[in-house]
Amino acid sequence: MDQGIGHQRLTLIVDVVLALLSIAALMSLARIRRRHRRMAQRGIASRSDLWSRIAFAVVLDFTLLIVLIYLALVVPAWPATVPIQPAIEIWLWAVAAVLSFMGVLEVLFIAHVYRQAQDAKFLAHRSEIATRVVVVGGGIGGLAAARHLDRLLGGRRDVEITLVNRDNFFLLSPLLFEACSGVLELRHCAQPIRPCLRRVRFIEATAQEIDVARRIVRVVGPDSALRELPYDHVVIALGAATNLSLIPGSEHARTFKTVADALLLRDHVIEQLERADVEADVNRRRRLLTITVIGGGLVGVELLGELTAFVDDELRYYPGIRRDELRFHLFEAGNRLLPESKPFLAEYAERLLRRRGAELHVGTPVQEIGPACVRWAGGQVESQTIVLAAGIVPNTVAAATNVARDRRGRIMTEPTLRSTSDPRVWAFGDCASTPSPEGTPYPALAQHAVRAARVVARNVAAAIDGQPPKPFVYEPLGMMAAFGHTRAACDVRGIKLTGFIAWWMRRTYYLFQMPRWDTRFRIALDWTVSLLTRPDLTKIDLAEERELEQRNQAANGSRVA
Ligand SMILES: Cc1cc2nc3c(=O)[nH]c(=O)nc-3n(C[C@H](O)[C@H](O)[C@H](O)COP(=O)(O)OP(=O)(O)OC[C@H]3O[C@@H](n4cnc5c(N)ncnc54)[C@H](O)[C@@H]3O)c2cc1C
C-alpha cells in the first residue's frame, strides 16, 4: 500500500517536472523573437563570439534529441525500465522536437546577425574602389540584376555596386490585379528592396539623367537633393510607362502600372458602386456602372477579368444595384485579344469574359477618350471608369539617354545586352530593344526581364575582368493569364491548362518570383483567407483624408489664434 502511494508520488513528481520542462520549452520558443531582436541590436562582434553562441545553442537545444536518438538506437527497450511514467518516451520526444526546432531557428538567426554585421563592416571599410557599377531601376529586372551582381561581385573590395530606384520597394506587377481587387493586401504585391540586398548600396532616388559623356547618373532623392553617381558600368532597367500619346484624350483615362494606380482604381470602382446604389437618374446610373478597359493585351484582359469577379462578389452588399445594370467594355485595336500569346489563351479569355457579360470590341481602335466617354468609329460609350492599357513607351530617362535607340526610344543593345553604341552602358527589360536569335526584339515581359538580369550581371562581371560577354538567348516558357474567381489559362511548354489548376499554377509560379520568404508567407496567407471570404470593400480615399486633415488643421489654427 505504502509502496503504491510512494510510487504514485514519484509519478506525480516526474509528471510535474516534465510539464515544467514542456512549459519552459514553449515559453522559450515564444520569447525567441525578443531574444533575437536583442541579439541583433548588440550584434556579434567576432568569429569566436559566433562559434561560442552556436555551440551554446546546439548544446542547449539538441542534447535531449541526441540522447533520445542514442537511447532509441542502443537501448530500444529503455522506456520499459522507467515504470514511473509509461508515456515518458512520447513526452520527451515532443519536448525534444520543440527544442530542436528552436535550435534550428537559433542557429539560423545567429548566422544571419553575424552575416549582417560582417556585411556592414565590409561596406564601411571597403578599400580603394576601382570599379563602380550603377543599376538604375529596381523593378523586376533591375532588382534581379542587382542581386546577381551582389552574388558575383559583392565580396570584392575593388567593386562597388549601387542600385537606384524611385521607390524603396520592388513591385511584382503580375500580382497587381489581385492587390487592386483586395484579394491580396495592397502592400503584399511589393517587397522592400533593402532586405533583398547584402553588399549592394541602395539609394531611393529618381534618376533624372544618365550622362554617358561624363559617366554620371544624376539622381534626386526624397529630400529633393541632387546627387551625382559616377559609374564605370551602368545597367539601365527603368522599364516603361503607359503610352498616353496613342489616343487623343488619354489624360482622362486611368493607368494601371503602379501600386498607387491599383489603390486609386480600387477606390474609384468602390466609389462608383456607392454612388450608383443611391442614384435615381437612369443615365447617371448607367455611367457609374460602366467599366471600360482600353487594350486587349495581357494587362487589359487580366484586369477586366479581375474587375468582373470583384464587382460580382461585392454586388450582394449593394441592394440598389441589379447585376444586369453592370456593363463591361473591352476595346482592342488588333484582330484578337492577347496578341502576345497563343490563340488558345485568347479564345479561353474571350469565352470567359463574354460569359461574365463583358462586351468585347475586337478590331476596334478607340479614336478619342473624353472625360467620361470613349469614342470609336462605330459609336461611343459613356463610362465613369476608363482604364488605358493599350501599349507602353520606354521610360523617359532611358529614352533620353545619349546612346543608340530605336524609333520607339528603346535603348538598342547587342545580344549581350550591351548598348550598341557605348560599351559601358547595359540595358534590358521594357526599356531596351535586344535582338533574339530570330532577329526580332524580345517582348516586354517579366519572364524575359528576369532571365536577362542574370545574363547582364554575368556579362558586367566578365567585362570588369576583361572577359568577353555572352549573348542572352531565351526561349519563352509560355504564357499564363488569370481572370479572377479561380479562373486562369496557361500554355506552358505546349501544355495547355484552364480553370482552377491553371489558376493554381500561375499563383504558385508568381509566389516563388517574390524574392523573400516573409512576403511569400504573407501572400500565401492572404490567398488562403480570400478563398474563404469575400474581398474587402474598404475604400481609403487619400484626397478626402488629406482635405479632412487640412480642414482640421485650419480649425485648430483659428482656435489657437
Ligand atoms: C499590371 C501588369 C501586369 C503584368 N503582368 C505580367 C505577366 O503576367 N507576365 C509577364 O511576363 N509580364 C507582365 N507584365 C509586364 C512586366 O511587368 C514587365 O515586362 C516587367 O516589369 C519589365 O521589367 P523591367 O525591370 O524592365 O521594368 P519594371 O519592372 O517596370 O521596373 C522599372 C523600375 O524602374 C523604376 N523607375 C522608373 N523610372 C525611374 C527613375 N526615373 N528613377 C529611378 N527609378 C525609376 C520603377 O519604379 C521600377 O521599379 C505586367 C505588367 C503590368 C503593368
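Residues are numbered from 1 along each chain as its sequence is written. In this predicted model, local features need pLDDT of at least 70 and side-chain atom pairs count only at pLDDT 80 or more, while totals for chains, interfaces and linings use all residues.

Q: How far apart do the C-alpha centres of domain 1 and domain 2 lie?
A: Domain bounds come from an automatic or database domain assignment. For the protein chain, this gives domain 1 (2–124), domain 2 (131–166 + 205–242 + 394–476) and domain 3 (250–390 + 479–532). The distance between the C-alpha centres of domain 1 and domain 2 is 49 Å.

Q: Which residues around the ligand come nearest?
A: A residue is near a molecule or strand if its C-beta atom, placed from the backbone, lies within 6 Å of it. There are 32 residues around the ligand, and those that come nearest are Gly-137, Gly-139, Gly-141, Gly-239 and Gly-429.

Q: Between which domains does the shell around the ligand lie, and why?
A: By class, the shell has 16 nonpolar, 12 polar and four charged residues; Ala, Val, Leu, Ile, Met, Phe, Trp, Tyr, Cys and Pro count as nonpolar, Asp, Glu, Lys and Arg as charged, and the others, Gly among them, as polar. Two domains both give residues to this shell, so it lies between them: domain 2 and domain 3.

Q: What is the handedness of the crossing of α5 and α12?
A: Helices (H or I, at least four residues) and strands (E, at least two) are DSSP runs, numbered from the N terminus. The axes of α5 and α12, lines fitted to C-alpha atoms over the stretch in contact, with angles from 0 to 180 degrees between N-to-C directions, come within 8 Å and cross at roughly 30 degrees. A crossing is left-handed if the near helix is turned anticlockwise from the far one by less than a right angle, and right-handed if clockwise. The crossing of α5 and α12 is right-handed.

Q: How is α9 oriented relative to α10, and why?
A: Helix α9 (residues 298–314) and helix α10 (residues 343–355) have axes 11 Å apart and pack at an angle of about 30 degrees. Angles under 35 degrees count as roughly parallel, over 145 as roughly antiparallel, 65 to 115 as roughly perpendicular and the rest as oblique. The angle therefore makes α9, relative to α10, roughly parallel.

Q: Which residues of α4 meet α2?
A: The axes of helix α2 (residues 32–42) and helix α4 (residues 88–124) cross at roughly 20 degrees and come within 10 Å. Residues are in contact if their C-beta atoms, placed from the backbone, lie within 7 Å. From α2, Ile-32, His-36, Met-39 and Ala-40 meet, in α4, Met-102, Leu-105, Phe-109 and Val-113.

Terms used: Two residues are in contact if their C-beta atoms, placed from the backbone, lie within 7 Å.
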